[in-house]
Amino acid sequence: MRTVHPPTPADADPVTPSVSPQGTTLGYALFATRWLQAPLYFGLVAAQGVYVYKFFNELWTLIVRCVSGSATETYVMLAVLKLVDVVMIANLLIMTIVGGYETFVSRIGLQGHRDQPEWLSHVNSNVLKVKLATAIVGISSVHLLQMFVDVHHTSHHALLWGTVIHMAFIASAVLLAYMSGPMLREDKGHGSHHDPSDDPKPPRGPRGPAEPTERSEPTVAAAPVVFRAPLPIPAQATSYENRERYDSRERHDRHETRERHETRFARGGTRLVVETGLGTGVEGRVRAAGFPARKLLEEFDEEHPRSFDRRVLTRLGTLDFVDTGRNVVFVGAPGTGKTHLAIGLGVRACQAGHRVLFATATEWAARLAAARAEGRLAQELSALDACPLLIVDEVGYLPFDTDTARLFFQLIAHRYERASLVVTSDRPLGRWEEIFGGAAAAMVDRLAHHAEIVLLEGDSYRLRRATSAG
């Protein structure tokens with residue numbers, strides 16, 4: 001017989017609302033009014049068409065006057081500045097249309113598109129305001145330059161007020177950027193925007209290097225924290241000579257270490273013991289992460305998947321997603337290299353000084369369920385903040401019941417815009433309801449909001465090697 005514990009705030013159902021049905025209906029109705037803004041953005045699309053017409057009209061006039069020989073140097077310069085002005089305003093329009101619609105109306109599914117704008121992946125209302133202010137300053141600069149080029153036909157009064165207005169735009173943009181700075185830094189920092197008062201325990205002290213631990217049962221309160229110093233990322237952790245020595249040692253005790261890690265991981269607690277005497281450097285962090293094997297990004301066979309964007313791997317290898325608290329989701333059939341890439345990113349994060357934890361979805365479920373049963377789920381989730389990167393492998397191979405799905409939601413929701421997750425799955429995010437049921441929609445919404453979705457298509461690498469060996 002299973003004992004049912006009274007629900008705590010941290011264990012509350014993240015999917016079932018706690019408000020009355022009337023309040024929920026009213027809230028949904030108010031939220032649905034955001035679609036009233038959709039015609040406004042389509043109106044801006046029409047305005048962009050007007051600027052396209054204006055651009056080619058100005059260009060045609062310039063070409064005709066140049067061919068006829070009636071275009072002076074000043075006229076050509078002013079005409080070109082007008083064309084630049086039109087293009088900059090069109091850029092401002094497209095930034096407002098795409099970024100504003102994505103932020104205030106509905107997400108645009110561009111994941112995996114080769115032309116997805118870099119700025120769109122982390123746009124929000126705060127970033128959008130700064131970008132718009134910068135674009136307005138640029139447009140104002142072009143207008144002021146036009147006035148100075150045609151200074152003989154511009155009154156001193158117009159020059160004075162044009163300069164004053166331009167300086168006002170600059171001052172407002174600087175002020176907006178200054179006010180937005182703390183919020184932008186919070187988005188980029190690992191858990192720095194997390195209010196310690198939200199935790200059920202006192203805030204931690206200053207971060208320092210991880211210390212070696214004793215061989216004792218893991219405790220949440222004693223979880224060490226890693227100093228997030230910017231370090232150069234080497235191609236791999238050790239030389240090939242050292243790798244041979246470490247690999248032989250890994251082959252000798254990998255099975256024993258893996259069993260010990262699974263037992264400790266299921267019991268919970270973020271303090272994992274470094275079982276071998278490799279110190280607290282790169283090898284210590286790699287050991288503590290619990291990788292089933294050592295895989296490097298440099299060893300990944302990029303020619304194996306039929307469909308794979310190599311530029312994505314280069315971008316992810318810089319670990320910018322860890323610094324900004326974003327996620328990575330590898331989606332593909334078994335044997336396409338998802339786990340290899342996840343481990344490779346984890347090893348590289350360890351090389352850069354970050355603390356990493358790796359486990360399969362089943363192991364994470366056991367760990368969270370154990371913490372919940374002991375009434376310390378909130379403390380467990382907070383303790384995991386000490387790890388800038390968590391890796392959840394093999395999502396989708398086994399379906400989860402409702403209680404387990406809610407635990408996964410709480411893990412993803414807790415780390416949302418706070419720290420990074422790397423997830424591997426054999427099913428696209430649109431089919432996650434087959435795994436997590438009703439919690440899937442809210443889970444995917446938070447996981448994919450600031451995420452790089454990497455699709456790998458191809459046959460199983462393991463089966464290919466087995467066939468060639470046979």
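Here is a friendly conversation about a predicted model, covering its salt bridges, a helix, a strand and some record annotations.

Trainee: Which ground rules apply to this model?
Mentor: This is a predicted model, in which local features need pLDDT of at least 70 and side-chain atom pairs count only at pLDDT 80 or more, while totals for chains, interfaces and linings use all residues. Side-chain values use heavy atoms, leaving out hydrogens and water, and residues are numbered from 1 along each chain as its sequence is written.

Trainee: How many salt bridges does the structure hold?
Mentor: Side chains of opposite charge can pair when their charged atoms come close. A salt bridge here is a side-chain nitrogen of Lys or Arg within 4 Å of a carboxyl oxygen of Asp or Glu. The number of salt bridges in the structure is twelve.

Trainee: Which helices do E380 and R367 tie together?
Mentor: The side chains of E380 and R367 form a salt bridge, at 2.6 Å from N to O. They lie 13 residues apart in sequence, so the pair ties together helix 12 (residues 377-383) and helix 11 (residues 361-373). Helices (H or I, at least four residues) and strands (E, at least two) are DSSP runs, numbered from the N terminus. The two elements are therefore helix 12 and helix 11.

Trainee: Are E380 and R367 buried or exposed?
Mentor: Buried means under 20% relative accessible area and exposed means over 50%, with partly exposed in between (1.4 Å probe, protein chains only). E380 has a relative accessible area of 0%, and R367 also has 0%. By that cut-off, E380 is buried, and R367 is buried.

Trainee: What is the N to O distance between R418 and D385?
Mentor: Both R418 and D385 are buried. Their side chains meet in a salt bridge, and the N to O distance is 3.5 Å.

Trainee: What is the relative accessibility of E434?
Mentor: E434 forms a salt bridge with R427, their closest N and O atoms being 2.8 Å apart. E434 counts as partly exposed, its relative accessibility being 37%.

Trainee: Which side chain of opposite charge is nearest to R34?
Mentor: R34 sits in the loop between helix 1 (21-32) and helix 2 (38-68). Lys and Arg count as positive and Asp and Glu as negative, with His and the chain ends not counted. R34 is buried yet has no salt bridge, and the nearest side chain of opposite charge, 9.0 Å away, is D445.

Trainee: Which residue with a positive phi follows helix 11?
Mentor: Helix 11 has 13 residues and reaches 18 Å from first to last C-alpha, close to the expected 18 Å; the expected span is 1.5 Å times one less than the number of residues. Its buried residues include W364 and L368. After helix 11 comes a residue with a positive phi, near 75°, and that residue is G375.

Trainee: How many residues of strand 4 are buried?
Mentor: S420, V422 and T424 are buried on one side, and L421, V423 and S425 are buried on the other. Strand 4 is largely enclosed by the rest of the structure, because the buried count is six of the six residues.

Trainee: Over how many bridges do strand 3 and strand 4 pair?
Mentor: Two strands pair if DSSP finds at least two bridges between them. L389 stands opposite S420 in strand 4. Strand 3 and strand 4 pair in the parallel sense, and the number of bridges is five.
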